[in-house]
Amino acid sequence: MNLTGLAFVVLAAALLFFLVFLQRRKALPKLRAIPALARLYRAVGLSVEDGTRLLIGLGNTSLLTGHAGAPLAGLGMLRQLSERASLSDQPPVAVAGEAPLALLAQDTLEAGYQAAGAGEYYQPTTGRVAGLTPFSAAAGTIPILSDESVSAAVFMGHYGVEAGLLAEAAERDHALAVGSSDDLAGQAVWFAAAPEALIGEELFAASAYIGGTPAQTASLTVQDILRWLIIAALVVGSGLKLLGLF
Amino acid sequence: MQILALILAVATGLIVLIGYFIPAVAPIQGIVLNWAIILAGAAALVGVFNLILVHGTKVAQREKGSVYSAILLVCLFGTFVLGLVLGPSHPGMRLLVNGVIVPVEATLLALLAVTLVYASIRLLRRRTNLMSIIFLVTALLMLAASATLPFGEIGFLNNFVRPWLQHVLALGGARGILLGVALGTLLTGLRVLSGIERPYGGK
């Protein structure tokens, strides 16, 4: 029985609920600035004003694997962006490299439209399966960038090296690309090839920055607390090991 | 109906989560995961219909690039019919996969090599800061240390710089990033599990 793991999850959950309560009372500090998200925020506003499209990529991992956190974070971002951009002349498009993820994207897009009071404008074809392998999903996304007046593309999910093709395509079509991945190779490629990249846990912070819910903002504080706990455990563990006590 | 969906989703998620920590729950976790795999298979079919709908609409409305959509649909139906008639393990079907899909993906991978070199060259123009410089210098050092050079390996780079970069700096950084990703995944999962965030049921 892995009680340490269970205790860690229970601690995280308890902190989350406590901080959601505090957040509702506006008792949490403000978030630090992330330039990529500030630029994305501006790009979303501009796309609505000039009638261009937003593209949200959710990656190509199965929701049944350990990489499911990244596309779920992407869905949180999609929810925010669909609500903000639902009244644009060109509705936002979400693409996924996995069928169940595309279905969740459709549901999330519809929820965003309904929240904006524009439920009747929702089109199911705006949540799409781009392809079922990483490269075929990239190949299926590139024509959307070039043919459908996309001015900003957000990629939040599990991306590998195929991210380079997407960043290159976005740059060629003068669309702002904000890339992120939970995969180390994917992050390195986004950093090198995209104008803006989110590194590490910034991927999970994004939706809190784009007008997120109290729970999303509280999550960031919990992540910080747990990170400091892990750092303390690593330092104390190293010290004890050095002294031969552990 | 939405409350029922929420209760079902939360209960299922809790069973799967607890199954990782308490072995007694693991058999139930296995059953639930098997159901999820079957549902994901059914969702793949829905995904194919979505693909047909999106590209069929493009062809019907003669949108830009509709020729490619038409080729995709013809190939999709052709492969589907052949797969039904011959079966997925037939040599003809394997030839189709090995002769078309594998070379196309390999071509994209080769294209990616050129794309990444080009992106690296432009990196300093796009984002001139300390991190970009460190990124490029590290990449160049690793390339110089790993490459097969006509005059033989550069001993200092290969024996000292590369292992140090790889096993001290890169490994430490990678572990730090992965810890951040793991914490983010945990918190995102907890939000979905507790029903605070629901990417299902239109909420």
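This is a predicted model: local features need pLDDT of at least 70, side-chain atom pairs count only at pLDDT 80 or more; totals for chains, interfaces and linings use all residues.
The secondary structure of chain A comprises nine helices and six strands. Its radius of gyration is 19 Å, close to the 18 Å that the globule rule gives for 246 residues, so chain A is as compact as a globular protein of that length. Buried residues account for 55% of the 246 residues in chain A, and among the contacts in chain A between residues at least 6 apart in sequence, 71% join residues at least 24 apart.

The six strands of chain A form an open sheet, in which the order is 3-2-1-4-5-6 and the pairing is parallel. Strand 3 (127-129) and strand 6 (196-198) of chain A are the edge strands, each of them pairing on one side only. From one strand to the next, the twist averages 15°.

On one side, strand 1 (residues 53-59) runs parallel to strand 2 (residues 93-96) of chain A, and three bridges join the two; here Gly57(A) stands opposite Val95(A) of strand 2. Strand 1 of chain A is also joined to strand 4 of chain A, again in parallel, by six bridges, and in this pairing Leu55(A) has Ala153(A) of strand 4 as its bridge partner. Strand 4 of chain A is in turn linked by six bridges to strand 5 of chain A, with the two strands running parallel, and Met156(A) finds its bridge partner there in Ser180(A) of strand 5. How many of the residues of strand 4 of chain A are buried? The strand is mostly covered, with nine of its nine residues buried.

Helix 3 (residues 69-85) of chain A lies across strand 1, strand 2, strand 4 (150-158) and strand 5 (176-181) of chain A, and its direction makes an angle of about 165° with strand 1 of chain A. Helix 7 (residues 184-193) of chain A is mostly covered, since eight of its ten residues are classed as buried; among them are Gln187(A), Trp190(A) and Phe191(A). What covers the buried residues of helix 7 of chain A? The cover includes helix 6 (163-172), strand 5 and strand 6 of chain A, together with helix 4 and helix 5 (130-146) of chain B, and this brings the other chain into view.

Where the two chains meet, the contact takes 51 residues from chain B and 58 residues from chain A. On the side of chain B that touches chain A, helix 2 (26-60), helix 4 (91-126) and helix 6 (155-193) of chain B each supply at least two residues, and the largest share, 15 residues, comes from helix 6 of chain B. Sorted by class, this side of chain B has 32 nonpolar, 13 polar and six charged residues.

The contact between them takes five residues from domain 1 of chain A and five residues from domain 2 of chain A. On the side of domain 1 of chain A that touches domain 2 of chain A, helix 8 (residues 202-209) of chain A gives the most, with three residues, and the residues of that side divide into two nonpolar, two polar and one charged. In chain B, domain 1 covers 1-86 and domain 2 covers 127-197, and 34 Å separate the centres of these two domains of chain B, taken over C-alpha atoms.

Two residues, one in each chain, deserve a separate look for their backbone angles. Most residues other than glycine have a negative phi. Ser149(A), however, has a phi near 50°, a positive value in a residue other than glycine; its place is in the loop between helix 5 (134-147) and strand 4 of chain A. Because 16 C-beta neighbours lie inside 10 Å, Ser149(A) counts as partly exposed. In chain B, Arg62(B) likewise has a positive phi near 50°, and its place is in the loop between helix 2 and helix 3 (66-86) of chain B. Is Arg62(B) buried or exposed? With 8 other C-beta atoms within 10 Å, Arg62(B) is exposed.

Technical notes. Residues are numbered from 1 along each chain as its sequence is written. Chains are lettered from A and ligands numbered from 1 in the order in which they are written. Two strands pair if DSSP finds at least two bridges between them. Helices (H or I, at least four residues) and strands (E, at least two) are DSSP runs, numbered from the N terminus. Axes are lines fitted to C-alpha atoms, for helices over the stretch in contact, and angles run from 0 to 180 degrees between N-to-C directions. Two residues are in contact if their C-beta atoms, placed from the backbone, lie within 7 Å. Ala, Val, Leu, Ile, Met, Phe, Trp, Tyr, Cys and Pro count as nonpolar, Asp, Glu, Lys and Arg as charged, and the others, Gly among them, as polar. The radius of gyration is taken over C-alpha atoms; the globule rule is 2.2 Å times the number of residues to the power 0.38. A residue is buried if 20 or more other C-beta atoms lie within 10 Å of its own, exposed if 12 or fewer, and partly exposed in between; C-beta atoms are placed from the backbone. Domain bounds come from an automatic or database domain assignment.
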